[in-house]
Amino acid sequence: MAAQETQAAQQSSVSNGEVSSNGAAASGQLAQTDATAQDPQQQQQQQQQPNAWQVIKGVLFRIFIIWAISSWFRSGPSTPDPSTPAGAPRLPSRNLFPKDTLMDLYVYISENEIFTDFNNTEALFWYQQDLVYGDWTKGESGDGCYEHYQELDLSESVKQNGSIYIHIYFTKSGFHPDPKRKGQYRRLSTVHATRMLNKYKRRKFLKTKNLLTGETEADPEMIKRAESHGPVEIISHWHPNLTINIVDDHTAWVKGSVPPPLDQHVKFDAVSGDYYPIVYFNDYWNLQKDYHPINETLQNLPLRLSYCPLSLWRWQLYAAQSARSPWNFLGEDTYEQSDEDQDSVKVALLETNPYLLGLTIVVSIVHSIFEFLAFKNDIQFWNSRQSLEGLSVRSIIFGVFQSLVVLLYILDNETNFVVQVSVFIGLLIDFWKITKVMDVRLDRENRIAGIFPRLIFKDKSTYVDSSTKIYDDMAFKYLSWLLYPLFGCYAVYSLLYVEHKGWYSWVLSMLYGFLLTFGFITMTPQLFINYKMKSVAHLPWRMLTYKALNTFIDDLFAFVIKMPMMYRIGCLRDDVVFFIYLYQRWIYRVDPNRVNEFGTSGVEQSKDSPAQAVAADTTAAITDKSEGEKKND
């Protein structure tokens with residue numbers, strides 16, 4: 001329905017933090033950068049914001065599953081540690097920094113990934129003495145947090161897409177992180193963590209133009225950069241905020257038994273077997289729109305560092321969200337949500353009422369169950385269907401065309417691999433439905449080019465012999481009077497006012513946009529058939545009910561969470577069609593002589609009763625009409 005089409009559209013526009021507009025950079029550029037003009041295609045892409053409801057549902061479910069698995073297997077078996085002799089018991093370890101340990105914090109900024117220049121006072125960004133490990137009451141705001149702000153001078157290498165690193169050292173009070181200082185350095189009293197501060201993001205230049213005039217509204221400067229750097233440019237970006245968390249945890253972890261993804265952060269000492277305090281760079285709440293590109297116009301970079309203690313439970317949630325997929329061999333974007341989708345979740349978590357957020361979690365589980373049940377009943381309905389009386393076969397065929405257009409469109413726009421697979425599976429299911437509504441066979445005598453067998457499609461007898469085919473043809477004839485003018489107007493508008501990569505892209509984007517806007521009209525032929533037959537017993541009501549409930553849930557959150565207006569309209573128009581279905585079910589009472597969705601009638605089920613058998617012979621079904629009555633209808 002509308003939700004699936006909108007999700008495919010939003011996934012095709014942005015992927016994994018890429019800047020995919022026609023010559024426009026990320027939304028969070030600094031004021032020093034030159035402003036670039038936005039073309040109509042970019043404006044159209046910006047209107048298709050991520051479907052926050054679908055993203056929230058997936059992310060919350062993912063957090064819950066990873067947290068549950070981590071909690072369940074914390075003390076369970078795992079792969080043996082190579083350094084431990086075979087059969088030797090693994091003893092629980094302890095934190096090298098006991099609770100309430102006095103610590104000193106050293107923060108160094110350097111362009112080298114490995115830091116050794118401890119005597120360089122300019123590299124020391126922040127020095128904080130007498131921090132208490134596990135303290136939640138001290139600090140500037142009484143919550144155990146401290147903050148430091150400073151502007152960094154930019155070197156020429158950083159301006160030219162160079163990297164800049166932050167080096168964090170926690171030492172027990174009285175010690176120094178420099179290994180060369182004898183007597184002041186102790187290995188078991190020093191915790192070290194390093195991270196790259198800047199973030200590299202890809203900016204794609206889509207070479208589009210007006211197909212009639214050959215002109216483009218893209219920024220000429222961006223066109224020159226695309227010619228010199230190629231269609232994809234790697235640009236260094238900067239975010240001014242970063243939080244340093246030290247996890248307040250004293251769990252007796254066992255080396256080799258720490259569940260993923262926590263095992264990536266718990267570091268054990270090779271000699272003592274104990275583990276160091278967990279230092280976590282927390283940038284979860286840094287939105288992608290706040291990242292600024294680093295270029296030659298900048299002279300310095302602002303950096304605000306915050307130090308805060310972090311509980312084990314909250315750290316597990318953050319670690320689960322930042323964990324990388326184990327299927328990275330298929331590509332970095334394959335099983336990862338895009339950064340823009342992550343942003344929509346963060347904004348929803350920040351701006352949504354806590355009670356409404358709790359309701360979202362509950363309803364998301366119900367929504368997932370309904371989706372599964374709708375899919376299951378849809379397959380069961382068509383698999384066990386014996387009669388096509390009362391069903392619109394043309395709508396099934398048109399659904400295959402819709403799925404094919406969506407698949408070609410997302411392939412042309414280089415959408416995420418997961419979306420491509422899901423749409424492809426949906427297309428295969430639609431093709432399977434064709435074999436259920438039509439007789440498909442191979443004609444090996446009349447081959448195509450004398451090589452390939454020819455596919456022959458023929459309407460089933462239960463569809464042709466009843467009045468369904470006449471009503472179906474009549475409905476699509478009336479529907480074409482409305483669709484063809486709308487299709488022509490939309491095609492002319494897309495050709496005149498929207499830029500495209502080529503004629504093939506224009507055809508796909510025009511067809512996809514038209515189906516996204518007016519595709520719901522193809523649901524109306526079934527309403528017309530129901531009206532003519534004065535029956536709805538042939539419909540898959542279970543599947544329709546589950547889909548309608550999902551649509552109602554989408555309606556609720558479409559007006560609570562920020563979503564495109566077209567998506568909200570799409571949810572409402574599907575509701576209108578379903579309410580018409582409900583009205584038809586109310587006015588067309590149950591007739592035991594009509595064939596239901598399983599190809600049987602009430603008369604057949606009670607044929608053992610002689611009185612009912614006589615009534616079945618004397619009472620004709622409404623659908624058993626002569627050719628003259630069918631033409632009159």
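Is Lys469 buried or partly exposed, and what is its relative accessible area? I found Lys469 partly exposed, with a relative accessible area of 24%. A reminder to myself before going on: this is a predicted model.

**Entry: around Lys469**

I looked for partners of Lys469 and came across Asp459, which forms a salt bridge with Lys469, the closest N and O atoms being 3.2 Å apart. Asp459 sits in strand E13 and Lys469 in helix H12, so this pair ties together parts that are ten residues apart in sequence. I noted Asp459 as partly exposed, because its relative accessibility is 23%.

Lys469 also meets the side chain of Asp473 in a salt bridge, at 3.8 Å from N to O. Asp473 and Lys469 are four residues apart in helix H12, which means about one helical turn separates them. With 26% relative accessibility, Asp473 counts as partly exposed. I then saw that Arg394, Asp459, Lys469 and Asp473 are linked in a network of salt bridges. For the whole structure I wrote down twelve salt bridges.

**Entry: the E12 and E13 hairpin**

Next I followed strand E13 (residues 452-459), which pairs with strand E12 (residues 438-448) in the antiparallel sense over seven bridges. Three residues lie between the strands of this hairpin, and Ala449 takes a positive phi near 60° there. I checked Asp439 and found that its bridge partner in E13 is Lys458.

Asp439 also has a salt bridge, with Lys460, where the closest N and O atoms are 2.9 Å apart. Lys460 is in the loop between E13 and helix H11 (461-464) while Asp439 is in strand E12, so the pair ties together parts that are 21 residues apart in sequence. Both turned up as partly exposed: Lys460 at 21% relative accessibility, and Asp439 with a relative accessible area of 36%.

**Entry: cysteines**

Which cysteines are joined by a disulfide? I found Cys145 joined to Cys308, with 2.0 Å from S to S. The two are 163 residues apart and link distant parts of the chain: Cys145 is in the loop between E2 and strand E3 (146-153), and Cys308 is in strand E11 (residues 300-311). The torsion about the S-S bond is about 125°, so I logged this disulfide as right-handed. The count of disulfides comes to one.

Cys145 is buried at 17% relative accessibility, and Cys308 is buried at 15%. I looked at Cys489 too, and that residue counts as exposed at 55%.

I traced a four-stranded open sheet in the order E2-E1-E4-E5, with antiparallel pairing. Strand E2 (124-132) and strand E5 (190-196) each have a single partner strand, so one side of each is left without a neighbour in the sheet. Neighbouring strands here are turned by 15° against each other on average, direction ignored. Six bridges join E1 (residues 102-110) to E2, and Leu105 stands opposite Gln128 in E2.

The other open sheet I traced has three antiparallel strands in the order E6-E7-E10. Its edge strands are E6 (199-204) and E10 (292-293). Two bridges join E7 (residues 232-238) to E10, and Trp238 has His292 as its bridge partner in E10.

**Entry: a nonpolar patch**

Last, I checked the surface: Leu212, Val492, Tyr493, Leu496, Tyr497 and Trp503 form a nonpolar patch there, with about 660 Å² of accessible area together. Helix H12 (residues 468-497) gives the largest share, four residues. Trp503 belongs to helix H13 (residues 503-518), and at 48% relative accessibility it counts as partly exposed.

Notes
Residues are numbered from 1 along each chain as its sequence is written. This is a predicted model: local features need pLDDT of at least 70, side-chain atom pairs count only at pLDDT 80 or more; totals for chains, interfaces and linings use all residues. Side-chain values use heavy atoms; hydrogens and water are left out. Patches are made of residues with over 30% relative accessible area and no salt bridge: like charges are joined within 9 Å, nonpolar side chains (Val, Leu, Ile, Met, Phe, Trp, Tyr) within 5 Å. Accessible areas come from the Shrake-Rupley method with a 1.4 Å probe; for residues, only the protein chains shown count as cover. A salt bridge is a side-chain nitrogen of Lys or Arg within 4 Å of a carboxyl oxygen of Asp or Glu. Buried means under 20% relative accessible area, exposed over 50%, partly exposed in between (1.4 Å probe, protein chains only). Two strands pair if DSSP finds at least two bridges between them. Axes are lines fitted to C-alpha atoms, for helices over the stretch in contact, and angles run from 0 to 180 degrees between N-to-C directions. A disulfide is a pair of cysteine sulfur atoms within 2.5 Å.
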